[in-house]
Amino acid sequence: MARDYVKMRFKKVRRMREWWVQVGLLAVPLLAAYLHIPPPQLSPALHSWKTSGKFFTYKGLRIFYQDSVGVVGSPEIVVLLHGFPTSSYDWYKIWEGLTLRFHRVIALDFLGFGFSDKPRPHQYSIFEQASIVESLLRHLGLQNRRINLLSHDYGDIVAQELLYRYKQNRSGRLTIKSLCLSNGGIFPETHRPLLLQKLLKDGGVLSPILTRLMNFFVFSRGLTPVFGPYTRPSESELWDMWAGIRNNDGNLVIDSLLQYINQRKKFRRRWVGALASVTIPIHFIYGPLDPINPYPEFLELYRKTLPRSTVSILDDHISHYPQLEDPMGFLNAYMGFINSF
């Protein structure tokens, strides 16, 4: 009798523990969903980047951009297209170097990124981002000028859509003089998204909970592995990236922005086809340690698909963010390309 009582008591205690664990697992995301955690303060450097920039309005939405005048008398203009999930601040390490070669250096935060508006709910798309780039250049009075495009990651896909529109000779589209891509998943079949990206992209009803649960610890642990072992960002640099994401509650739209991965698969023929039939000078700057666009699979497919494109391969330890990990190597590679035609 005593032994049976002990067994029953033990089972009851175990069931109670399991119940409390379930309650706890449910309570944590519910609490996070309703708890408003303020974004981190901007560092002096990031604050300076914001105050030196400007905003223009696209269909009632505020878009942040930078526009620097560089070499006097030069007709050259370069437009920089950043990657996911960061912002135009990705280019700050090579910004001054670009102003020594170009008359105008322009970069924007795509809708949903950085200091630009982050509406929700919203159907974010590569098509809309490309239209925003076109609208910015019309706003600046540069719609009839020949533009050099320099892109990275997510920005590569936007550049592909801009290239497609340019090839169609549609009125109001950019006139593209050259295109330089870098470490972007332009081929869906060689792209290896991070686990968190997969969960958020296809998370369904879980996505809103996951985005609210995201914090600096989760973000930094997720992003750091895409940098090389010797070129990883400092904690302050990671905080700058996180501050840009958290601005205007940008963490809450990450799952919507990630739909670009599905769009890239759906419109592969359109976007890869635009690259494959290109006649303008095109170049690719590649950090070969990139786990998202792995070597050699990515590079072999790139060279097979785009045999006329030139390629710069940076040092073996450079990974997915080459402009931040090796700014001098990146800048030298880009200037070598620009000066070749």
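Trainee: Where is Asp-153?
Mentor: Asp-153 sits in the loop that runs between strand S5 (146–151) and helix H5 (154–167). Keep in mind that this is a predicted model.

Trainee: What is the phi of Asp-153?
Mentor: Phi is near 55°, a positive value in a residue other than glycine.

Trainee: And is Asp-153 buried or exposed?
Mentor: Asp-153 counts as buried, because its relative accessibility is 6% and the cut-off for buried is under 20%.

Trainee: Which other residue has a positive phi although it is not a glycine?
Mentor: Asn-248 has one, at about 55°. Asn-248 belongs to the loop between helix H9 (235–246) and helix H10 (254–257).

Trainee: Why is Asn-248 called partly exposed?
Mentor: Its relative accessible area is 40%, and partly exposed covers what lies between the 20% limit for buried and the 50% limit for exposed.

Trainee: Switching to omega. Which residues does a cis peptide bond join, with omega about 5°?
Mentor: Phe-84 and Pro-85. Pro-85 is placed in the loop between strand S3 (77–81) and helix H3 (92–99).

Trainee: And which residues are joined by a cis peptide bond with omega about -5°?
Mentor: That bond links Arg-120 to Pro-121. Pro-121 is in the loop between strand S4 (104–108) and helix H4 (126–139).

Trainee: How far is the C-alpha atom of Arg-212 from that of Asn-251?
Mentor: The two C-alpha atoms are separated by 7.1 Å, with the residues 39 apart along the chain.

Trainee: Now the whole chain. How many helices and strands are there?
Mentor: There are 15 helices and 8 strands.

Trainee: What share of the residues is buried?
Mentor: Buried residues account for 54% of the 341 in the chain.

Trainee: And the contacts, what share joins residues at least 24 apart?
Mentor: That share is 80%, counted among contacts between residues at least 6 apart in sequence.

Trainee: Last one: what does the accessible surface come to?
Mentor: About 16500 Å² for the chain, with 57% of that belonging to carbon and sulfur atoms.

How values were computed
Residues numbered from 1 in each chain as written. Predicted model: local features only at pLDDT ≥ 70, side-chain atom pairs only at ≥ 80, totals over all residues. Heavy atoms only, no water. Helix = DSSP H or I, 4+ residues; strand = E, 2+ residues; numbered from the N terminus. Buried < 20%, exposed > 50% of the residue type's maximum accessible area, 1.4 Å probe, protein only. Contact = heavy atoms within 4.5 Å. Areas by Shrake-Rupley, 256 points an atom, 1.4 Å probe, with all protein chains shown as cover.
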